[in-house]
Amino acid sequence: KAGSSERSLGVLVLLTVPLAWGTYTPVVKYMYERMDPAVPGFVFSAGYYLVAASTLGLLSRMQGGGPKEEDVANEDGNEGDASSITARGGWELGSYLFVGNGLQVVGLQTVPADRAGERAHFILLLLL
């Protein structure tokens, strides 16, 4: 029964993803239209990425996601623990997301939300 409960919770969490993605662009456009003075795009992105990183770090520590005992060899041939390699990869991927999202926010300052949504869907279809 516990496995069924975890699965149901996981499905509910996944169902919130389209809601979050679908409301992002209109909320950002609304914010830039109503705020005076407007927050620069990269500052806005840095703010919510900082909140996200802090939250995930806190949750990881609460779940015991600290350093592990097992050692693995990294690409330099040196020994390092799995959590440090995972953390380094997370920072790298997070940096790519930050730059891409920051550019998206800067673009949303100049392009109407409906046109930005159409372009995003077109690019997504090209990538698939």
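This briefing walks through the fold, the core, the surface patch and a few individual residues of the structure above.

The model is predicted, so local features need pLDDT of at least 70 and side-chain atom pairs count only at pLDDT 80 or more, while totals for chains, interfaces and linings use all residues. Residues are numbered from 1 along each chain as its sequence is written, and side-chain values use heavy atoms, with hydrogens and water left out.

**Overall fold**

- The protein chain has four helices and two strands, where helices (H or I, at least four residues) and strands (E, at least two) are DSSP runs numbered from the N terminus.
- Along the sequence, these elements follow the pattern α-α-β-β-α-α.
- Of the 128 residues, 12% count as buried; buried means under 20% relative accessible area, exposed over 50%, and partly exposed in between (1.4 Å probe, protein chains only).
- Among contacts (heavy atoms within 4.5 Å) between residues at least 6 apart in sequence, 57% join residues at least 24 apart.

**Nonpolar core**

- Val 28, Met 31, Tyr 32, Val 105 and Leu 108 make up the largest nonpolar core, meaning a set of buried Ala, Val, Leu, Ile, Met, Phe, Trp, Tyr and Cys residues joined through side-chain atoms within 4.5 Å.
- Helices α1 (2-34) and α3 (82-108) each give two or more residues to this core, and α1 gives the most, with three.

**Surface**

- The protein chain exposes about 10200 Å², of which carbon and sulfur atoms supply 66%; accessible areas come from the Shrake-Rupley method with a 1.4 Å probe, and for residues only the protein chains shown count as cover.
- On the surface, Phe 42, Val 99, Leu 103 and Val 106 form a nonpolar patch with about 320 Å² of accessible area together.
- Helix α3 supplies the largest share of this patch, three residues.
- Val 99 lies in helix α3 and is partly exposed, at 41% relative accessible area.

**Residues worth a look**

- Lys 29 sits in helix α1 and counts as buried, at 11% relative accessibility.
- The C-alpha atoms of Lys 29 and Gln 109 are separated by 7.0 Å, although the two are 80 residues apart along the chain.
- Asn 101, in helix α3, also counts as buried, at 14% relative accessibility.
- Leaving aside neighbours within four places in sequence, Asn 101 is in contact with Tyr 24, Ser 45, Tyr 48 and Tyr 49.

Conventions
Patch = residues over 30% accessible without salt bridge, like charges linked within 9 Å, V, L, I, M, F, W, Y side chains within 5 Å. Salt bridge = Lys/Arg side-chain N within 4 Å of Asp/Glu carboxyl O.
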